[in-house]
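I opened this entry to look up helix packing and the ligand surroundings. My notes follow the model below.

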Amino acid sequence: MNTRTLWRNARLATLDPAVDADGWGLIEHGALLTDGPHIVWVGREDERPAGEPPARTVDLGGALVTPGLVDCHTHLVYGGHRAAEFEQRLNGVSYEAIARAGGGIRSTVAATRAASEEALWDSAAQRAAALMAEGVTTLEIKSGYGLSLDAEARCLRVARRLGQTLPVDVRTTFLGAHALPPEFEGRPDDYIDAVCDWMAELHRQGLIDAVDAFCENIGFSPAQTQRVFEAARRWQLPVKLHAEQLSDQGGAALAASFNALSCDHLEHLSADGIAAMRAAGSVAVLLPGAYYFLRETRLPPIEALRQAGVPMAVSTDHNPGTSPGLSLLLMASMACTLFRLTPLEAVQGITVHAAQALGLRDRGQLIAGQRADFVAWDLQHPNELAYWFGRNPCRHVIHHGVQRS
Ligand code: DI6
Ligand code: FE
């Protein structure tokens, strides 16, 4: 059966360096041929190879087309919110002080434990819909607000079900080592033992694609993080790390020694950390939403990462405490204004490099063989993705070769 679709009359931003040297990989009067969930040909419409005509043709009306967006770092599944804590912070109480007083992550843990699986599903599905409306076709979701075997399993099941139910790919990350739950007060090493045991069980249930930890003075030490990573290695699960967000713990170098897919945040990253990430091929995931919302002043070392050739991704870090935003396009804009990324770097950061931060090489560019995940925008040039904010220029989303909207 002929299952091929021709998507014609588009201006393609392929992000394929083979198309042009400037990085955007623009093709005017372009077209894409898809077969089921894959792209089989990309090029100028008048250069389409002869052969069997496609079963279906879709006119994209001259729209700009980019790869589907990838949000590679979110904490999407949780109960409640923390607007009151936001007020406290505006009155001068620091994020660390709130966390140390038992608020912060722990207050979301209490709300998450109290929520039913259905309630968690409803709120997370609404958030996913907001991201998807802006062209997100692949989404990472971390656990880390359950902090017990049952509650972590519930959150990961909700994340899995989102990917099975909605037209979006979901990658799950087990972040048991996010914070110390109250029942383990004063016993962080015992808690790490428990996290390693739960990992085995959750992995057995098929709920984990990667493992993460919060390596920080208000989180877990490098030695504790290392134990989590050793357990992940036992199950051949890739790792990533919340590293160097509030202080330099040497987390990035530790993660790199486990071939981490990514190190995320990185405001306090050192030169040694950068060298280790480069050697390991780890992606630097930049989270300008958290920087903005915490009113941080210390920038991640963007120029040094750029010079070292470490790929940079950009993500929402959506969570109720430090980044309650649900717009990946706004993050691209803030990556430019706050972190001084170029628009091209920001767009690569929410596509090809974000995919790489999830270990996915089959998406993020418009190239034959890749997933047929792409977005038609009401824009002329892809640099506008990092320019407009508070506007959603998304016209159509195609996921696995199927037009979603
Ligand atoms: N770093 C963050 O920015 C989030 N988690 C983490 O490890 C914040 C989580 C929260 O405050 O609820
Ligand atoms: Fe995070």
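I began with handedness: helix 5 and helix 6 cross in a right-handed way (the near helix is turned clockwise from the far one by less than a right angle). The model is predicted, so I kept its limits in mind: local features need pLDDT of at least 70, side-chain atom pairs count only at pLDDT 80 or more, and totals for chains, interfaces and linings use all residues. Residues are numbered from 1 along each chain as its sequence is written, ligands from 1 in the order in which they are written, and side-chain values use heavy atoms, without hydrogens and water.

I then looked up the geometry. The axes (lines fitted to C-alpha atoms over the stretch in contact) of helix 5, residues 149-165, and helix 6, residues 188-204, come within 11 Å and cross at roughly 40°. Leu149, Glu152, Ala153 and Leu156 of helix 5 meet Trp198, Glu201 and Leu202 of helix 6 (heavy atoms within 4.5 Å).

Next I checked helix 4, residues 117-133. Its axis and that of helix 5 come within 10 Å and cross at roughly 50°. That makes helix 4 oblique to helix 5. This crossing is right-handed.

Last, I turned to ligand 1. I found 14 residues around ligand 1 (a heavy atom within 4 Å), with Arg82, Tyr95, Tyr145, His178 and Thr322 coming nearest. A polar side-chain atom of Arg82 lies 2.7 Å from a ligand 1 oxygen atom. For Thr322 I noted 2.8 Å to a ligand 1 oxygen atom from a polar side-chain atom.

Terms used. Axes are lines fitted to C-alpha atoms, for helices over the stretch in contact, and angles run from 0 to 180 degrees between N-to-C directions. Helices (H or I, at least four residues) and strands (E, at least two) are DSSP runs, numbered from the N terminus. A polar contact is a pair of N or O atoms within 3.5 Å; within protein, one must be able to donate a hydrogen and the other to accept it, and residues adjacent in sequence count only if both atoms are side-chain atoms. Angles under 35 degrees count as roughly parallel, over 145 as roughly antiparallel, 65 to 115 as roughly perpendicular and the rest as oblique.
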